[in-house]
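Please look over the model shown here. The briefing that follows is grouped by topic.

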Amino acid sequence: MLDGRTTLSKFLIDTLDRRPGPDAASGLSALLIDVAASIKTIAAALTRGALGGQHGSAQSVNTHGEEQKKLDLVTNEIFLQHCEWDGLLAGMVSEEMDEVYAIPETYPRGDYLLAFDPLDGSSNIDINGVVGSIFSVLRRDGDREGDARGAADAAAFMRPGREQVAAGYAIYGPSTMLVLSVGNGTHGFTLERDVGNFVLTHSDIRIPEDSCEFAINASNERFWEPPVRRYVQECKDGRTGCRAQDFNMRWIASMVAEVHRILMRGGVFMYPRDFRTPEMEGRLRLLYEASPMSFLVEQAGGLSITGRERILDVQPGALHQRVPVILGSRHEVERIQRYHGEYDRGEDKPFTSPLFNERSLFLPETEA
Ligand code: AFP
């Protein structure tokens, strides 16, 4: 330990390597050290800002048809280079790559699968806003057919989020932090830049069960389902309405920043199902955004749902599958889940707010 402080390496040795179990001497801690090295390299690249000559568009689009920033591609490459060589991975999946990244033949393969969003919130880059990286680790399922040491295919990643063995994010803010869980709570580490160590500064983070702060992109309101509109309207009604307290709203357009705020002081983040593009189940991707963030939130005592089911129980059907995300303070998320249930059963009480006098754009399947 450095003068009584716990570094990430010591935390992993104490938590993983000395803990009996399949991940003890299996290299998971070494893999997480390589992920942390990726984050340190990305932090250095980002802090150069416009001086680094890497702002602006890459003049390309990703598998979702979204414009890629130059730094989306640069940070993706950083993750690949830091993690492909260590003999711990059978494959990688990223928001910026259409298919599974096969570990080059020149390197040994291992038993873990890494899925990541290398730069979350990248639309904030050119305005010097807060961005992050999100990652998820699965242990490949050795029971599957084929050589367990061979390259992992897409099917190997089709596992519900409750099977993650580790998840975390980096937040590149005034300080760079790594927030991580290996299944024993959620813990925050702050980068001591001049030394290059991540130091444990937020041990066993707990999300307050109650909160009066919510985050949602309100410009989509007309596309939301009624239970979400009901919840948000009640928050806006504040002390004049049924909640009898005022609420605060935030929207940073960076999931990492929203989730970090919720881990620090509670609240609810919603990117719900909306009907602007009916074929999409939401904006956020399951494997490398919703699942890892849900793992961290629930390890910190919060709750994360699609509106109707726990996100960690969702069985993926595709690498870049999207899901609706409602996560944060347990009691608030339970209320929203209850509203979805009442709506689906036709039990939601008539709303007093004039907003609900309009006919919703959403027609339940039975009426469509
Ligand atoms: P980008 O990485 O393309 O900026 O998207 C960020 C994000 O996936 C998530 O981090 C934000 O919460 C959400 O999108 C913001 O979406 P809107 O731009 O629709 O508000």
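**Briefing**

Glutamine 59 is exposed, because its relative accessibility is 72%; exposed means over 50% relative accessible area, buried under 20%, and partly exposed in between (1.4 Å probe, protein chains only). The model is predicted: local features need pLDDT of at least 70, side-chain atom pairs count only at pLDDT 80 or more, and totals for chains, interfaces and linings use all residues. Residues are numbered from 1 along each chain as its sequence is written, and side-chain values use heavy atoms, with hydrogens and water left out.

**Positive phi values**

- Glutamine 59 sits in strand β1 (residues 57-61); helices (H or I, at least four residues) and strands (E, at least two) are DSSP runs, numbered from the N terminus.
- Glutamine 59 is not a glycine, yet its phi is positive, at about 60 degrees.
- Aspartate 204 is another residue other than glycine with a positive phi, near 50 degrees.
- The loop between β9 (197-202) and β10 (213-215) holds aspartate 204.
- Aspartate 204 counts as partly exposed because its relative accessible area is 39%.

**Domains and their interface**

- The protein has domain 1 (8-202) and domain 2 (213-350); the bounds come from an automatic or database domain assignment.
- Their C-alpha centres, those of domain 1 and domain 2, are 25 Å apart.
- Domain 1 gives 46 residues to the contact and domain 2 gives 32 residues; contact means heavy atoms within 4.5 Å.
- Between them, domain 1 and domain 2 bury about 2,900 Å², with 63% of it on carbon and sulfur atoms. Buried area is the accessible area (1.4 Å probe) that two parts lose on being put together, summed over both.
- There are 4 salt bridges between domain 1 and domain 2; a salt bridge is a side-chain nitrogen of Lys or Arg within 4 Å of a carboxyl oxygen of Asp or Glu.
- Arginine 322 and glutamate 66 form a salt bridge through their side chains, at 3.6 Å from N to O.
- On the side of domain 1 that touches domain 2, at least two residues come from each of β3 (89-94), β4 (112-120), β5 (131-139), β6 (164-172) and β7 (176-181).
- That side of domain 1 has 20 nonpolar, 18 polar and 8 charged residues. Nonpolar covers Ala, Val, Leu, Ile, Met, Phe, Trp, Tyr, Cys and Pro; charged covers Asp, Glu, Lys and Arg; the others, Gly among them, are polar.

- Tyrosine 288 belongs to helix α6 (residues 286-299).
- Tyrosine 288 is buried because its relative accessibility is 0%.
- Beyond its neighbours within four places in sequence, tyrosine 288 contacts residues including His64, Val93, Ser94, Phe116, Leu319 and His320.
- The side chains of tyrosine 288 and histidine 320 make a polar contact of 2.7 Å.
- Tyrosine 288 and proline 118 are 170 residues apart in sequence, but 9.4 Å apart in space, C-alpha to C-alpha.
- Serine 94 is part of strand β3.
- Serine 94 is also counted as buried, because its relative accessibility is 0%.
- Leaving aside neighbours within four places in sequence, serine 94 contacts Asn76, Phe116, Pro118, Tyr288 and His320.
- Its side chain, that of serine 94, reaches the backbone nitrogen of glutamate 96 at 2.9 Å.

- Helix α5 (residues 255-265) is mostly covered, with 9 of its 11 residues buried.
- Among the buried residues of α5 are Met255, Glu258, His260 and Arg261.
- Threonine 41 lies in helix α2 (residues 28-47).
- Threonine 41 is partly exposed because its relative accessibility is 31%.
- Not counting residues up to four places away in sequence, threonine 41 touches Ile78 and His82.
- The side chains of threonine 41 and histidine 82 are joined by a polar contact of 3.0 Å.

Conventions: Polar contact = N/O pair within 3.5 Å; in protein donor to acceptor, adjacent residues only side chain to side chain.
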